[in-house]
Amino acid sequence: VGALSYHFQIYFDFSGYSDMAIGLGLLFGIVLPINFNSPYRSLSIIDFWRRWHMTLSRFLRDYLYFTLGGNRKGPSRRYVNLFATMLLGGLWHGAAWNFLIWGLIHGLFIVIERAGFSKLLSKAPNIVGILYTCPIVIVAWVFFREENLQNSLDQINIMFGGGEATEINYPF
């Protein structure tokens, strides 16, 4: 319940702040880009990153992925570059194991999808894609949210039936 609540809280926070920034920009005649496009309706992790925090996604693509070589040196290098980009994106959020693991989760699934799984997903009904994507994003948010790696692992353990929550750790 806590992880699912945070799943929505982080979206409403970021999306709301982005909408306010866009509105304030318009007051001063500045047009800022849209930053969210219904990311929780994503049919894959690749699709999620096309919809979630789109300005960050473009930054990671333009300044990390392309700088690392993008897909110019074959599929293997492309996968390494995608994975490294997401790891570095995790570290960009903070120099902690939690953020590194958050980036690792996203990078791993992006590579899996680019390696061919996305073709299988594209043939499935949309609900399958959503039911595949949401749990991955929710589990990754646990690592993003918790203060340290041990708390993250404890929460994941509880989520998958390995223990009982003794206190609510989400101050909503």
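Me: Why does Arg-61 count as partly exposed?

Reply: This is a predicted model, and the values are computed from it. Arg-61 has 39% relative accessibility. Buried means under 20%, and exposed means over 50%. The 39% of Arg-61 falls in between, so Arg-61 counts as partly exposed.

Me: What makes Arg-61 and Asp-62 a salt bridge?

Reply: Their side chains meet at 2.8 Å, N to O. The cut-off is 4 Å between a side-chain nitrogen of Lys or Arg and a carboxyl oxygen of Asp or Glu. The 2.8 Å pair is within that cut-off, so the label holds. Side chains of opposite charge can pair when their charged atoms come close.

Me: And Asp-62: buried, exposed or partly exposed?

Reply: Asp-62 is at 31% relative accessibility.

Me: How many salt bridges does a search of the whole structure find?

Reply: The search finds 2. Asp-47 with Arg-51 is one of them, with the closest N and O atoms 3.2 Å apart. That is within 4 Å, so this pair qualifies.

Me: Where do Asp-47 and Arg-51 lie?

Reply: Both are in helix α2, 4 residues apart. That spacing is about one turn of the helix. Asp-47 is buried, and Arg-51 is buried too.

Me: Why is Pro-39 called buried?

Reply: Its relative accessibility is 2%. Buried means under 20%, so Pro-39 counts as buried. Pro-39 sits in the loop between α1 (2–27) and α2.

Me: Which residues does Pro-39 touch, leaving out those up to four places away in sequence?

Reply: Pro-39 touches Tyr-11, Phe-48, Arg-51 and Trp-52. Arg-51 is also the salt-bridge partner of Asp-47.

Me: How much space lies in the largest pocket?

Reply: About 480 Å³. Of the 16 residues that line the pocket, the closest to its centre are Trp-49, Ser-57, Arg-61, Leu-82 and Arg-114. Elements giving two or more residues to the lining are α2 (45–51), α3 (54–68), α4 (75–93) and α5 (97–123).

Me: Which element gives the largest share of that lining?

Reply: α3 does, with 7 residues.

Me: How do the lining residues divide into nonpolar, polar and charged?

Reply: The lining has 9 nonpolar, 2 polar and 5 charged residues. Arg counts as charged and Trp as nonpolar. Arg-61 and Trp-49 are both among the residues closest to the centre.

Methods:
Residues are numbered from 1 along each chain as its sequence is written. This is a predicted model: local features need pLDDT of at least 70, side-chain atom pairs count only at pLDDT 80 or more; totals for chains, interfaces and linings use all residues. Side-chain values use heavy atoms; hydrogens and water are left out. On a 1 Å grid over the protein atoms alone, a cavity is a set of points where a 1.4 Å probe fits but cannot get out, and a pocket is an open set with protein on both sides within 12 Å along at least five of seven lines; lining residues have an atom within 4 Å of a point. Grid points are joined across faces, edges and corners, and a volume is the space filled by probe spheres set on the points. Buried means under 20% relative accessible area, exposed over 50%, partly exposed in between (1.4 Å probe, protein chains only). Contact means heavy atoms within 4.5 Å.
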